[in-house]
Amino acid sequence: MPPTLQVELDVPATMRDGVVLRADVYRPVGTGRWPTLVVRTPYDKSDIWGNWWNGFSPTEIARKGFIMVIQDVRGRYASDGVWEPLHHEGRDGADTIAWAAELAGSNGRVGMVGGSYCGHTQWRAAMEQPTALHAITPLMTWAEPREALVARGGATQISVITSWSLASGFNWLTRQELTNEERAARAASMVEDFDRLEADGYWGLPVSELPVLRRHGTPLFVEPSSANDVAATQHMRVAGSYARVEVPSLHTGGWFDSCLQGTLDAYMAMRDLGRESRVIVGPWTHEDFGGRVGDQDYGLMSLRDAGTHPNGTWCDEVLAFLRRHLTDDNHAPASSPVRIFVMGLNRWRDEETWPLERARTEQWHLHAGGSLSTDPPVNENPSEITYDPADPVPTWGGPLGVGPGRGPFEQTSVEARDDVLVFTSEVLEQDLEVTGPIRVKLHVQSSAPSTDWVARLCDVHPDGQSFNLCDGIRRLDSGADEVQGIEIDLWATSNVFLAGHRIRVQVTNSCFPRWDRNLNTGDQQSADFVAAHQTLFHDADRPSYVELPVVAI
């Protein structure tokens with residue numbers, strides 16, 4: 001059988017400043033003019049797992065009539081230059097698009113694929129408005145780094161900053177001017193520290209000078225002390241720059257993905273600008289794509305590779321979108337602007353927009369004694385707990401970018417702690433669908449000048465098992481010792497609380513090591529910390545409640 005594709009490795013592309021980046025190029029065999037897809041990655045263009053995570057086998061893509069270009073970004077693996085995470089992706093991306101459009105066999109129309117960092121490279125390239133770029137398809141990509149990648153609600157996402165820097169630092173280490181013995185010793189030390197991050201690395205103080213990062217000096221997204229600084233994070237920010245992107249976009253996210261809100265925000269922003277914009281959201285984490293996710297099994301049809309979409313698998317759906325914009329082939333079945341997986345029912349559903357216009361907001365109030373209902377509060381005593389930074393609530397489940405415990409996990413071990421408040425509804429007599437943005441509004445006070453408040457929505461099954469759906473954090477840098485109303489953004493979900501289930505809200509003050517511990521002193525640059533007495537009010541004058549977007553079934 002004659003070959004059906006051709007592969008060229010380490011094909012050079014010279015950037016405008018003379019730095020050479022290298023790509024592997026996969027082509028169909030023949031004399032046709034082919035649409036071209038580009039992935040720009042810091043994770044090694046030849047890595048099989050990385051290409052699978054992005055959702056595309058380059059050989060299969062070539063067999064389906066596309067030229068596939070997978071390029072190492074500046075300073076990584078086969079490419080030249082200095083590794084400065086996320087700093088060069090705009091101009092390098094635009095130069096790469098122009099170069100790819102001129103490759104032998106290309107029809108001159110280029111699309112981009114890939115997720116997370118690779119998704120961000122799409123946005124950066126699109127902001128430069130290269131003429132050959134016709135569509136982007138970012139997968140699980142942040143929009144505002146201070147609300148996904150490096151921070152959230154004012155707290156620093158210390159686990160992402162630290163583990164990602166160390167993991168990506170091994171290739172960086174090979175480029176340092178060291179003897180073989182020095183390089184081997186440094187690598188061994190990094191491996192040891194990486195393996196002990198949860199045991200002691202994340203616990204280092206002060207957070208701004210986290211010892212494990214200082215020991216190795218690996219490049220960072222941003223310094224931990226600057227994770228909430230607008231100027232320091234501007235180089236990795238998409239929010240606020242959507243108007244510079246003129247091409248159609250298809251966004252993919254997961255209900256348990258660490259970049260979920262960025263995916264939804266990007267879809268809405270591009271839609272509101274009048275650009276063609278679509279979004280697909282599955283019951284996925286940043287690394288798990290359906291079937292069994294965490295402690296829950298959403299069924300075979302939840303798999304990314306299942307043929308559950310109008311054009312087949314998720315990959316087929318993305319390729320149909322790209323083919324429509326990169327060729328003159330418009331024969332693919334039409335797809336809705338919004339496609340979501342409704343958990344509980346465990347089925348896909350098409351919608352015309354997000355948030356759902358037919359959803360109505362219900363306030364479910366937190367009450368003394370741990371009950372949760374739509375009844376407004378009356379005269380009730382507050383709930384009280386103590387938060388000790390020396391013994392924070394451990395991260396277990398949720399939209400994590402790294403580490404174990406991603407996704408929905410049984411919450412008994414968390415809810416049994418003395419520093420976690422739990423509010424639970426009566427058993428539901430009928431199915432209740434909650435689809436849309438989730439907000440928790442609390443009236444709180446701390447004995448400390450600064451503290452954090454964490455809220456989490458859970459689905460309690462008839463056997464008593466509690467599974468997290470979505471959560472959020474709000475840091476009060478100062479004035480936490482005054483009674484005040486706060487709002488915590490839990491992002492969004494789509495879940496049917498089945499008859500016989502109960503709704504639960506957790507309220508606490510930490511989730512470590514996902515977020516750095518608030519030291520309760522007002523000075524996160526110090527190594528000193530104190531325990532704090534925390535008060536949650538839920539009376540008529542100071543109500544606390546969760547806002548649920550309820551959809552009629």
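Helix α4, residues 117–127, is mostly covered: eleven of its eleven residues are buried, where buried means under 20% relative accessible area, exposed means over 50%, and partly exposed is in between (1.4 Å probe, protein chains only). Keep in mind that this is a predicted model, in which local features need pLDDT of at least 70, side-chain atom pairs count only at pLDDT 80 or more, and totals for chains, interfaces and linings use all residues. Residues are numbered from 1 along each chain as its sequence is written, and side-chain values use heavy atoms, with hydrogens and water left out.

- Helices here are DSSP runs of H or I with at least four residues, strands are runs of E with at least two, and both are numbered from the N terminus.
- The buried residues of α4 include Y117, H120, W123, R124 and M127.
- S116 has a positive phi of about 60°, although it is not a glycine.
- Why does S116 count as buried? Its relative accessibility is 13%, and the cut-off for buried is under 20%.
- After α4 comes Q129, with another positive phi, near 55°.

**The nonpolar cores**

- A nonpolar core is a set of buried Ala, Val, Leu, Ile, Met, Phe, Trp, Tyr and Cys residues joined through side-chain atoms within 4.5 Å.
- The largest one has 110 residues, and W255, W354 and L457 touch the most other members.
- A second, separate core has 34 residues, among them V11, A100, V247 and M270.
- Which residues does L457 touch, not counting those up to four places away in sequence? The list includes I438, F467, L490, F497, V505 and L548, plus N468 and R504, with contact meaning heavy atoms within 4.5 Å.

**Cis peptide bonds**

- L205 and P206 are joined by a cis peptide bond, with omega about -5°.
- You can find P206 in the loop between α6 (180–195) and α7 (211–216).
- Going from F512 to P513, the peptide bond is cis too, and omega is near 20°.
- P513 has its place in the loop between β23 (502–508) and β24 (532–537).

**A positive phi at L86**

- L86 is a residue other than glycine, yet its phi is positive, near 70°.
- Look for L86 in the loop between β4 (67–72) and α3 (89–101).
- Is L86 buried or exposed? With 1% relative accessibility, L86 counts as buried.
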